[in-house]
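Please have a look at the model before I go on.

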Amino acid sequence: MKYLTVTLISLLAFPALSAGDIWTYRTAAQQDSAPKYFQREQGGEVVGLCVDIFRAIEEVDPAIRILGDQDMQPLARIERSVLFGKLDIFCGLGDNSQRREYYHFLQPPVFSVNYHLAVRIDDPVVIQTWDDVRKLGDKGIILVNHGSGAIARLHVLGGLYVDDGGLTTSANLGKLISGRGRFLYYRIPGFQSEINRKGAEQQVRILPAVFETQPFYLLVRKNMDSERIKRLESALQQLADSGVMARIEQKYR
């Protein structure tokens, strides 16, 4: 069995369930967010890192049901739906002060990502540090997806020209290829698959320097019932302690 060790733990930890014991959490799958969520073929089953995490949570705690991960929605809609109680949980967002005003970040984090810059394949630029980018001035415009947590972090660094007008990675790849930006800032895992999906393997290359590593979390609204939060965090901690979380993350590296 895929998560045999965790399953044995859950059988010992939780008694047989009645219908009233089920804890249901509503979610949605984020569009354009591979490997968190993706479809291997158009209209096919939604799979990915976050879907695997949800199934592992349900396995370690049989009382939990997470519903809705086959419904693809844009990031902004999911964030609003969680905030206003239409959804309960969202997988795979980084921490920032604005989100902390409205959401609770479940502990422990579920995976981490490394952020890189990409350039056009014929661009000879060599970048090792942010100072290398600053020296380019307005010839070093950095494209970032609208709504990304990276936007605030880049502004804090100072001296960088940031364009966050592109709504998706695909849109920003188009801007990069057409010369409407020098760099695209995005994360691994996920960067190369977005380039491949765009058909831009011969047009864009990812620079090797890692500019930051960020943990990603499951989020719920701040006023969610504390017992529902504790139930999820207990399951997450068991997955982390057993090594299941690390194995899921490694699968998508």
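A pocket here is an open set of points on a 1 Å grid over the protein atoms alone, where a 1.4 Å probe fits and with protein on both sides within 12 Å along at least five of seven lines, and its lining residues have an atom within 4 Å of a point. Points are joined across faces, edges and corners, and a volume is the space filled by probe spheres set on them. This is a predicted model, in which local features need pLDDT of at least 70 and side-chain atom pairs count only at pLDDT 80 or more, while totals for chains, interfaces and linings use all residues. Residues are numbered from 1 along each chain as its sequence is written, and side-chain values use heavy atoms, leaving out hydrogens and water.

The largest pocket holds about 550 Å³ of space, and among its 29 lining residues Q30, L75, N145, H146 and L167 come closest to the centre. That lining comprises 11 nonpolar, 12 polar and six charged residues, where Ala, Val, Leu, Ile, Met, Phe, Trp, Tyr, Cys and Pro count as nonpolar, Asp, Glu, Lys and Arg as charged, and the others, Gly among them, as polar.

The second largest pocket, with a volume of about 280 Å³, is lined by 13 residues, and E79, N96, Q98, R99 and G147 lie nearest its centre. Its lining has five nonpolar, six polar and two charged residues. Where does the second largest pocket lie? It lies between domain 1 (23-111 + 216-251) and domain 2 (112-214), because both give residues to its lining; the domain bounds come from an automatic or database domain assignment.
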